[in-house]
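User: I've got a model open and want to talk through a couple of its helices. Can you walk me through them?

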Amino acid sequence: CGIIPLVEPMIPRTAAPWLTLISFSFLYLTLFILPSTPTWFASDRQFNLLNAKRLLDGQVMYLDFFDYWPPGTEVVYLAFFKTLGLRAWLPNVILLLEKLGLTLVTFALAKRVLEERAALLAGLLFLTVGARFDNGDFHWLSILAALAAAWALIEALTPRRLILAGALCGLSAFFMHPR
């Protein structure tokens with residue numbers, strides 16, 4: 001017979017759905033003024049947006065205009081522009097998806113080496129402290145792909161996982177070549 005604690009943490013068996021909901025809510029309230037007005041963060045992404053708009057207009061990157069970084073971020077923006085059109089809220093939606101993906105992959109990696117409560121804390125710490133909005137999307141997209149590659153290999157080293165990790169590392173370099 002043991003002492004039953006009066007207050008037990010209300011963490012479900014799997015915290016991923018709750019972390020997703022909390023992260024999405026936090027990011028949405030940070031990036032949008034309710035109900036749907038996007039906020040603007042001055043950052044490097046304005047250059048990526050301009051380059052993606054040039055691509056949408058038919059210009060060719062490195063021929064009609066030059067950029068130091070690989071074209072990964074511009075390709076992502078271009079895909080969203082072609083799918084949803086030029087919208088003022090689109091950069092914030094992409095940023096929300098990036099940060100949500102990074103929070104979840106941080107949680108997934110931490111869960112492999114920590115117990116679930118500590119891994120949840122790692123995800124929430126990234127969300128509140130690490131997920132700054134002041135630098136370019138190419139940094140975050142590159143980091144997301146690199147962390148996803150690490151996540152692919154953390155379970156086991158199988159040929160399929162090695163191919164996936166190699167593809168994700170290539171994708172990471174497509175956004176930012178030094179990574």
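Analyst: Let's start with H7, where Ala-165, Leu-168, Ser-172 and Phe-175 are buried. Keep in mind that this is a predicted model.

User: Why do those four end up on the same side of H7?

Analyst: Because they cover an arc of only 75° around the axis, which puts them on the same side of H7. As a rule, an α-helix has 3.6 residues a turn, so residues three or four places apart point the same way.

User: Ok, and what covers the buried residues of H7?

Analyst: The cover includes helix H3 (72-84) and helix H6 (137-155).

User: Which exposed residues are on the face turned away?

Analyst: On H7 that face carries Pro-159, Arg-160, Ile-163 and Ala-167, which are exposed.

User: How far apart are the end C-alpha atoms of H7, and what should the span be?

Analyst: They are 25 Å apart. H7 runs over residues 159-175, and at 1.5 Å a residue its 17 residues should span 24 Å, so the two agree.

User: Switching to H1. Which residues are buried there?

Analyst: In H1 the buried ones are Leu-19, Ser-23, Leu-27 and Leu-31. They sit on the same side of H1, because their arc around the axis is only 75°.

User: And what carries the exposed residues Pro-17 and Leu-29?

Analyst: Pro-17 and Leu-29 are on the face of H1 turned away from its buried side.

User: What's covering the buried residues of H1?

Analyst: Strand S1 (32-33), strand S2 (37-38), helix H4 (90-113) and helix H5 (116-130) are included in that cover.

User: Tell me about H4. At what angle do H1 and H4 pack?

Analyst: The angle is about 150°, and their axes are 10 Å apart. H1 passes H4 in a right-handed crossing. On the H1 side, the residues making the contact include Leu-19, Ser-23, Phe-24, Leu-27 and Tyr-28. On the H4 side, Leu-96, Lys-99, Leu-100 and Phe-107 are among them.

User: I'm also curious about Thr-128. Where is its place?

Analyst: Thr-128 is in helix H5. A polar atom of the Thr-128 side chain lies 2.9 Å from the backbone oxygen of Leu-124.

User: And how far is Thr-128 from Leu-27, in sequence and in space?

Analyst: Thr-128 and Leu-27 are 101 residues apart in sequence, but their C-alpha atoms are 9.4 Å apart in space. Leu-27 is also one of the buried residues of H1.

Notes
Residues are numbered from 1 along each chain as its sequence is written. This is a predicted model: local features need pLDDT of at least 70, side-chain atom pairs count only at pLDDT 80 or more; totals for chains, interfaces and linings use all residues. Side-chain values use heavy atoms; hydrogens and water are left out. Buried means under 20% relative accessible area, exposed over 50%, partly exposed in between (1.4 Å probe, protein chains only). Helices (H or I, at least four residues) and strands (E, at least two) are DSSP runs, numbered from the N terminus. The arc is that of the directions from the helix axis to the C-beta atoms. Contact means heavy atoms within 4.5 Å. A polar contact is a pair of N or O atoms within 3.5 Å; within protein, one must be able to donate a hydrogen and the other to accept it, and residues adjacent in sequence count only if both atoms are side-chain atoms. Axes are lines fitted to C-alpha atoms, for helices over the stretch in contact, and angles run from 0 to 180 degrees between N-to-C directions. A crossing is left-handed if the near helix is turned anticlockwise from the far one by less than a right angle, and right-handed if clockwise. The expected span of a helix is 1.5 Å times one less than its number of residues.
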